[in-house]
Amino acid sequence: MKIFVLVKEVPDTYGDRKLNLETGLADRGAGDVVLDEITERALEVALSHADKNEGTEVVAVAMAPGGSTASVRRALAIGAGSAVHIADEQLAGADLGLTAETLAAAIRRGEPDLVVTGNLSTDGSGGVMAAMLAEFLGWAQATALTSVEISSDGITGTRGADAGAQPISASLPAVISITEALPDARFPNFKGIMAAKKKPLEVLTLDDLGVSADPAAAPRTIMTSVAEKPPRAAGVKIVDEGDAAEKLVEYLVQNRLV
């Protein structure tokens with residue numbers, strides 16, 4: 001079995017995260033970048049299955065700037081057997097549609113049996129990538145799983161719901177996304193870090209995948225403006241002069257809070 005795991009480089013959530021006010025993109029020069037934790041958990045799902053099933057091939061797939069090799073190598077250090085890095089200047093600022101189209105092309109090229117990804121990235125927070133990939137590929141999808149079991153012909157799992165837990169099953173090939181209910185990723189040890197330097201890492205461009213970033217080829221999302229978040233204003237202070245309760249009620253009514 002071959003499993004593709006989508007991994008993503010994101011600004012470190014423990015550092016300052018800012019948007020470039022000219023491009024509207026995350027300013028990657030403003031702080032550290034790391035592999036998104038949810039994609040590391042997705043990698044753990046695939047590696048846990050590989051540990052129990054000899055012959056399982058786990059491939060990390062990333063669409064990231066050319067300077068993101070270190071993040072892709074981390075996925076190899078954690079345990080992926082090989083990696084595919086899609087790096088093309090035309091992908092800077094790619095919307096969800098172009099991202100899904102590009103990743104789907106890489107998936108078709110690699111012919112995996114299963115694609116595993118996180119349900120929600122910590123930067124874009126789109127939450128629809130698994131569904132969009134399944135649409136492009138014509139595969140089954142199972143999203144936002146809180147538990148998952150992989151077999152040779154399908155997957156079973158559980159999705160959280162308001163009224164309890166919803167059982168999910170799908171035949172392969174399929175695309176699944178997992179939530180933070182799944183276990184943390186294993187930590188790369190020294191042996192894994194050294195081995196990662198020798199593992200195959202293929203770099204692809206849009207030309208390699210036969211995908212066009214030209215907006216004329218397909219509708220794209222366009223950002224029209226971006227601005228800094230306004231500074232936090234001071235709250236309303238009510239001085240009790242015997243009518244504090246009345247003023248408080250008036251404030252709540254004016255702001256439609258009651």
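I began with strands β6 (residues 114–118) and β10 (residues 174–178), which pair in the parallel sense over 5 bridges. Strands here are DSSP runs of E, at least two residues, and helices are runs of H or I, at least four, numbered from the N terminus. Pairing needs at least two DSSP bridges between two strands. I looked up Leu-114: its bridge partner in β10 is Ala-174.

This is a predicted model: local features need pLDDT of at least 70, side-chain atom pairs pLDDT 80 or more, while totals for chains, interfaces and linings use all residues. Numbering starts from 1 along each chain as its sequence is written, and side-chain values use heavy atoms, without hydrogens and water.

Next, the whole sheet. I read an open sheet of 9 strands with mixed pairing, ordered β9-β8-β7-β10-β6-β1-β4-β5-β11. β9 (164–171) and β11 (201–204) each have a single partner strand, so one side of each lacks a neighbour in the sheet.

Helix α1 (residues 37–52) touches β1 (2–6), β4 (57–63), β6, β7 (140–150) and β10. Helix α2 (residues 69–78) packs on the sheet through β4, β5 (82–86) and β11.

Last, I turned to Leu-248. This residue lies in helix α7 (residues 244–254). Is Leu-248 buried, partly exposed or exposed? I count Leu-248 as partly exposed because its relative accessibility is 42%; buried means under 20%, exposed over 50%, with a 1.4 Å probe and protein chains only.

Definitions and conventions:
Contact means heavy atoms within 4.5 Å. Axes are lines fitted to C-alpha atoms, for helices over the stretch in contact, and angles run from 0 to 180 degrees between N-to-C directions.
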